[in-house]
Each structure stands twice: as C-alpha cells, then as structure tokens.
Amino acid sequence: MNEAAHDKLDSLRDQVAQAFEARRPLAVTGGGSKAFYGRPVEGEPLAVTGHRGILDYEPSELVLSARAGTPLADIEALLAGHGQMLAFEPPHFGPGATLGGAVACGLSGPRRPWAGAVRDFVLGVSILNGRGEPLSFGGRVMKNVAGYDLSRLMAGALGTLGVLTAVSVKVLPRPETEATLVFERDAAAAIEACARWSARPLPLSAACHHAGRLYLRLSGSERGIRGAREQLGGEALNDGDAFWTSLRDHRHPFFDAGRPLWRLSVPPASPPLALAGDGLLDWGGGQRWLYTDAPAEQVREAARAAGGHATRFRGGDRGDVFQPLPAPLLALQRRLKQALDPAGILNPGRLYEGL
Amino acid sequence: MPAADLRACDAALRRLLPAGGLLREEAELRPYECDGLSAYRRLPWRVALPETVEQVQAVVRCCRDHGVPVVARGAGTGLSGGALPLEDGLLLSLAKFNRILAIDPDNRLATVEPGVRNLAVSEAVAGHGLYYAPDPSSQIACSIGGNVAENAGGVHCLKYGLTVNNVAALKLVTLDGELLTLGGRALDAPGYDLAALLNGSEGLLGILVEVTVRLLPVPDYAQVVIAAFDDVQQAGDAVAAVLAAGILPAGLEMMDTLATRAAEDFVHAGYPADAAALVLCELDGSRAEVEAQLERVEAVLRERGATTVRRARDEADRLRLWAGRKAAFPAVGRLAPDYYCMDGTIPRHHLGRVLATIARWSEEYGLPVANVFHAGDGNLHPLILYDANQPGELERTEAFGARILELCVACGGTITGEHGVGVEKIDQMCAQFGAAELEQFHAVKRAFDPQGLLNPGKAVPTLARCAEYGRLHVHGGRLPHPELERF
C-alpha cells in the first residue's frame with residue numbers, strides 16, 4: 001500500500017475508533033451520488049472518497065480489488081480496456097459514484113436478472129467495524145467458504161455494519177456484441193413474453209417495458225444473436241447502449257418527473273399491480289418504477305401481496321423508506337448490527353430505525 | 001452456560017416427537033456417527049427425526065431450555081465433518097423433509113424442503129425445460145439443506161455460481177424456535193441479506209426448514225473439448241488464456257497425470273494417458289453461440305501448446321469424457337486403501353508453484369498425491385493417498401494436508417473452496433483469519449445463538465484453540481489478546 005493510502009486508512013480507523021469511544025454517530029460518505037437513498041443520518045461526516053486506487057487486477061483471474069473510494073468510472077474504464085465489465089451494471093446516479101458506494105447501496109442495473117446482483121459479485125471486503133477494527137473477509141478467489149460470508153452481507157447494508165475500505169469483485173468478459181430489439185406490447189403482454197422467453201435458453205441480458213414498448217437486449221456472439229433474433233422478431237434499436245445506460249442511471253425521460261419515486265421489487269412474472277400511476281418495468285418485470293398518488297400502505301401491500309416489497313426510492317417521507325420487517329426479523333437484524341457496531345455509530349438509522 | 005439437563009430433555013423430546021421420531025438405542029444411533037468424512041466418528045446422544053416445522057421448532061426450543069447442543073444433518077454427504085455428532089448433543093436429521101413444495105416455472109423458482117436431493121430438483125423441473133445449476137459431485141445423494149449449509153459448489157461455478165448465487169429464499173428456525181423467512185421470491189429483499197449470510201454457515205446460525213432455489217433454462221447445446229499438455233504450468237496458462245480471450249466456459253477442469261490415468265483405467269473415458277495435465281472445457285448455450293466459441297477455444301488451447309485437442313464426437317462421447325472427471329475421486333480411491341481430499345482455492349496464476357511444492361512435499365512425506373482442479377475458479381482438490389492401517393500414516397497425511405491448506409492461504413487463496421470447515425479444517429482457520437476476524441465471527445454467531453448451542457465446536461475456532469495450535473495471526477508484531485493463556 002502506498003504511503004498516502006496507508007495514512008488515509010489510519011486516519012479513517014482513528015476517526016471510527018474515537019467515535020466508538022465517544023459514542024458519536026458517523027455519516028459515512030462516498031461520492032455522494034446516492035445520498036438521496038435511504039433514511040437520513042445525523043452524524044459527523046466520515047469521507048471514504050479519498051481512499052482510492054486499484055489494488056490488484058489480473059484479467060485472466062476475473063477478479064478486481066480496489067479501495068472503496070475508487071470511482072466506478074475508473075474501474076469500468078480499466079475493465080473495458082481488457083474486454084471485461086462489472087456484470088451487475090451498478091447504477092452511477094452521478095459522476096462521483098464509487099465502488100464502495102455501489103456495494104453499500106446494493107443496487108444493480110438492467111443485467112441483474114441474468115447476470116446476478118452486486119452481492120453475487122462481491123468476493124471479499126476489508127472493513128472497519130464499529131470499533132474501528134480493520135477486518136478482512138472473503139478474498140480474491142471465486143470459491144471460498146471459510147468463515148461466515150460477511151462480505152456479501154455488506155452489499156445493501158448502507159454502511160451500517162462496517163465502513164468499507166476495500167472490495168474484491170468478480171468481473172466478467174464483455175459480450176462480443178449486443179443488440180436491442182423493440183416490440184409493441186402492453187405491460188401485461190410484455191411481462192408474459194419476458195417470462196416465456198426467460199425460460200428458454202436465449203441470450204437475454206435486459207428487458208424493460210415503458211409506454212407500450214418492450215425493449216429487449218441480447219448479448220453474445222454475432223452468430224448467437226443472429227440465431228436469437230430469428231426466433232424473437234422485433235425491430236432493432238440503433239442506440240441500444242445509450243438506452244440501457246440512461247435506464248441504469250435514471251437519465252431516461254421517465255425519471256424526470258420530479259415526483260416521489262417508488263421502486264417495487266416483485267417476482268418478475270407478477271401481472272401488472274393494481275396501482276394507479278405512471279410506471280416503467282425493468283428486470284423483465286422484477287423491478288417496477290412507479291409514480292403514484294396511492295397511499296404508502298397501499299403500495300406496500302400491493303408489493304407484499306405479489307411476493308415482493310416496495311421502497312420509497314426518491315422523495316416522499318424519508319423516515320419511511322423501506323418495507324417494514326416482521327418484528328422477529330427486525331430484532332435479529334438489530335442484534336446483528338450490534339455484533340458489528342456495538343455502539344450503533346455507523347450510519348445509524350439509514351436502513352431502519354435501530355439499524 | 002448451565003450444565004445440560006439431558007434426562008429432562010430426553011423425557012420432553014419423547015413427548016414432542018411421534019413414535020419412531022427419537023432414536024435412543026446404540027444400534028439406531030450408529031448410522032449417524034459420521035458424515036462423508038468418515039475418519040471422524042462419534043455416537044450422538046440422541047437422533048431426532050421431526051416431520052413438521054412445528055416439531056422442529058418444539059425440538060429446538062426444548063434443547064435451548066435444557067442447554068442441549070443441536071447438530072443439524074441433511075444427507076450426511078459433507079466432506080468436512082460439519083454433521084459430526086456430539087456425545088452430549090442432539091443430532092437433528094432433516095431426512096423426513098423430503099417434499100418438493102412448489103414449482104413456479106414463470107418466475108423460475110422451486111420451493112423444496114431441505115431434505116430433497118440436489119438432483120431431484122432438476123429432475124422435478126425438467127418438464128419445464130429448467131434445471132438447478134449447482135452440481136456438487138455428490139448431487140445424486142446430497143440434500144439441498146446441506147448444500148445451503150455448506151454453500152456447495154460443483155463443476156459449473158465459474159459461469160453459474162455457487163449455492164449462494166442460486167438460492168432466493170430460506171425459512172429458518174432460530175434457536176428460540178422462531179420461524180423466519182430470509183430473502184424472498186423477488187430478486188432482492190429488504191434489510192440485511194441474511195439469506196447470503198446463512199449460505200455456508202454450517203448449521204451454526206439456525207435450522208433450515210425450507211429452501212426456494214432459482215432455476216435456469218436448460219441450454220440447447222453443450223459441447224466439451226479436451227486438451228492434453230506436457231506440462232502443468234502450461235495447462236494452467238492455457239486456462240488463463242481461454243478466460244482472457246473473453247470466453248466464459250460452463251466448466252473448466254484440469255487433472256494431473258495420476259488422476260488422469262486413474263480415471264482412464266476406471267471408466268475408459270478416452271483420455272490421452274501420457275499427458276502431464278488434461279484440460280476439459282465445456283461450453284453451453286445456443287448451438288450457434290457454442291459453435292462460435294468452440295473454434296476460439298480450440299485455437300487458444302493449440303496456441304498455448306496443447307499436444308492434443310479434441311471435441312466430443314457426439315453426446316455419448318461428451319458424457320464419457322465427463323464421466324472420467326466425475327469418477328476421478330473413486331478412480332484415485334482404487335490406487336490406495338484410503339485417500340484424503342483437500343479443498344483449497346488459489347489465484348490461478350499460482351498453480352505451477354503450488355503443484356510443484358505439493359510434489360516436493362509428496363516425496364518428503366512418502367505419500368502420493370493426485371490433483372483434480374476446478375481450474376476455472378481456482379479450486380484445487382489434491383487427493384493424498386495413504387493407508388489408515390499403517391501406524392502414523394493418517395497423522396502424517398493430516399499434517400501434509402494442513403501444510404497444503406496453509407500454502408493456499410499464503411498464495412492469497414483459502415483453506416476451503418466448497419467443502420466447508422467443519423471439524424476438519426478448524427485449525428487452519430487460525431492461519432486464514434486473525435484474532436479480530438475470528439472474534440467478529442463469534443459475535444455474529446452470538447446474535448443468532450447467544451447460548452452457543454447450534455453445532456458448537458465447528459467452523460470457527462476459539463482464540464484459545466488457535467493459541468494452542470500455534471497459528472494465530474499476529475498483526476503488526478502485536479500479540480492479540482495477551483490475556484489469553486498460551487500452551
């Protein structure tokens with residue numbers, strides 16, 4: 001480790017250790033691109049952004065390790081230079097997005113149903129726990145079952161279980177080529193088609209429905225994609241990459257409404273939910289974005305009845321963001337939080353009250 | 001913890017379980033004395049065979065109330081002694097939880113009880129053109145509950161992931177007898193990802209009573225290429241070159257000379273018997289996709305010095321080529337009275353160095369080693385050949401094995417890729433993790449099991465044990481926990 005990074009890590013460790021002694025809450029920040037997400041945190045800022053740099057990358061090992069404050073854009077550019085990618089397509093939501101922030105927020109992009117989520121690609125982490133102890137879990141290899149898998153647990157924990165200082169992720173080859181097809185379909189027919197096509201060995205890698213059109217991305221070799229197109233039909237979309245990136249980062253016009261935005265995560269084949277409003281389906285129906293005037297209880301109940309959950313993604317009542325957990329499950333999660341952060345100083349309350 | 005009240009617990013369990021649901025006689029207990037790691041054997045105090053979730057809840061609460069440890073057991077095929085019984089503990093068998101509860105082809109999910117066999121899931125959903133991807137070599141016998149407990153792998157992990165990547169939801173009975181659902185049928189769930197944490201937790205955090213797995217469409221076409229090399233390092237480099245070329249094979253396996261010859265003699269797979277290393281590379285997908293990639297794989301393997309490169313002639317030949325690899329363990333087993341299977345993972349570029357070191361130690365210990373390697377994901381299975389009837393040979397074998405695992409750690413790898421720690425590798429955990437990490441694991445365990453009654457003594461060593469073993473990590477020259485006694 002170079003000297004500056006070492007100093008930065010020491011300084012982060014000291015800050016957490018002192019906060020632990022003083023029982024003083026910390027608000028962990030990366031690039032700030034997802035500051036809107038989750039519940040508000042009152043605490044002294046702990047900036048991980050300066051702790052950056054690639055630690056290890058050997059393309060043929062399909063593993064990359066980097067300090068948590070490394071910008072996603074730097075990592076993606078490095079990978080692209082070797083024909084590889086972060087297959088979970090992490091949303092950036094802003095130019096400052098970091099690897100640590102992507103893991104902490106646990107959000108994945110359009111490829112998620114076919115490639116896996118961020119948690120599926122996390123192989124190892126270094127963290128500072130709530131006592132300021134530097135700990136490493138997992139590693140730089142794909143198969144590793146030594147000890148509890150505390151690395152994947154960090155994905156989506158919003159920094160409440162540990163301050164991420166370094167992450168190792170599995171990376172994958174970029175597809176040789178990609179194509180985007182468009183079909184005229186209503187939402188119900190699009191969901192039904194996605195379920196049918198997903199059950200067949202087709203090279204699908206994204207499926208989105210908006211305003212009467214189903215967008216389907218295929219990834220693979222030229223020959224493989226040609227074969228799939230012959231089976232599927234549809235019209236080719238020329239600037240497919242731009243479309244999927246705009247969807248990933250919420251720069252698609254649908255997201256310009258400036259109103260509170262709900263995210264419903266449901267089993268993908270669930271028929272359209274009985275909720276009034278404007279919607280966009282991603283993940284072949286598994287992730288549904290919604291602007292609605294319906295009361296929160298109704299939105300949550302519709303998601304729950306379908307076998308999923310609803311999140312106030314942007315705007316609205318920021319005290320009530322995530323689907324309430326059953327009491328025994330919340331109690332267990334609080335005990336787990338205490339095991340890693342006994343003084344409750346790491347992003348307290350960002351996920352749920354008491355977490 | 002107060003002393004266990006075995007007598008009162010026994011009486012209560014007899015009331016809670018149906019006739020035949022509690023085994024108490026030595027002859028009935030004997031079949032449960034070990035799992036797939038038969039070098040370790042111990043008779044359990046009692047064996048419970050509950051039939052309903054309510055019975056599991058009642059049994060676990062009863063054990064908690066009487067301070068009696070609980071060891072969960074699936075099919076008993078594990079290779080690290082994770083289901084080794086305790087003489088003062090209850091062995092909780094999930095064998096009667098063997099029903100497939102629901103198949104949801106539209107969402108590509110199957111909900112099964114934990115005692116359902118791995119292969120039975122794929123068989124049950126085959127009519128929908130779907131299958132369950134993780135395929136540990138014991139898949140005809142091993143159970144899904146055990147697969148989750150160990151985060152089982154197989155030969156297709158590089159492309160399709162381990163168990164953790166293919167499980168959507170779990171139902172867990174906690175030590176308090178609470179029934180919790182972790183994960184869900186959507187692609188994510190709110191709160192901490194406890195489903196991920198439970199995978200590979202070796203029965204230390206709770207008892208699984210239901211598992212919902214993700215299913216994949218059966219590929220249209222699969223084809224395998226075999227390549228022979230004169231040198232192991234060259235074969236390892238060829239594997240790296242295939243991956244660097246942007247190809248993601250469904251399976252990418254390697255065997256050394258001893259393993260290749262043993263497999264060939266056993267199943268007549270058609271392997272070139274003089275190769276120093278044999279690589280099997282399987283591609284799957286649509287026929288057009290596979291055909292395109294096959295040509296590239298063959299070209300890379302030839303460029304990297306393969307002496308023979310050959311595709312399976314037909315489906316029967318493809319299955320025969322795999323049969324050799326899948327029979328490698330029993331084939332090697334024919335070469336000696338006993339073998340000891342190691343399970344380290346290494347970053348692949350260390351392969352040459354690791355195999356050369358193992359070969360040198362093999363001479364030193366006077367114990368032959370055959371190497372079978374999940375080359376795509378770096379998971380190495382050295383099989384040490386020995387004779388348990390020769391005095392001292394098992395101890396020598398274990399010492400040799402321990403050194404191999406510590407070498408894997410030193411290379412930046414891990415002591416166990418897919419078999420779990422159990423009782424077998426508990427001392428090597430001290431080489432892999434420092435005291436602070438081990439303490440953190442114990443704190444996580446206490447969040448689920450404050451009394452330490454779920455599979456105690458497995459998977460995570462106490463700091464005292466590490467001090468005794470003499471392998472405790474010392475960070476920055478500071479001895480952690482100076483208050484601990486050293487032996």
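This is a predicted model: local features need pLDDT of at least 70, side-chain atom pairs count only at pLDDT 80 or more; totals for chains, interfaces and linings use all residues.
Residues are numbered from 1 along each chain as its sequence is written, chains are lettered from A in the order in which they are written, and side-chain values use heavy atoms, with hydrogens and water left out.

Contact (heavy atoms within 4.5 Å) involves 16 residues of domain 1 and 19 residues of domain 2.

The area buried between the domains is about 1,500 Å², with 62% given by carbon and sulfur atoms; buried area is the accessible area (1.4 Å probe) that two parts lose on being put together, summed over both. Of the area that domain 1 buries against domain 2, 44% is supplied by A:Phe93, A:Pro110 and A:Trp114, more than by any other three residues.

Two salt bridges are counted between the domains, a salt bridge being a side-chain nitrogen of Lys or Arg within 4 Å of a carboxyl oxygen of Asp or Glu. A:Arg217 forms a salt bridge with A:Glu89, in which the closest N and O atoms are 3.1 Å apart. By class, the side of domain 1 that touches domain 2 comprises nine nonpolar, three polar and four charged residues, where Ala, Val, Leu, Ile, Met, Phe, Trp, Tyr, Cys and Pro count as nonpolar, Asp, Glu, Lys and Arg as charged, and the others, Gly among them, as polar.
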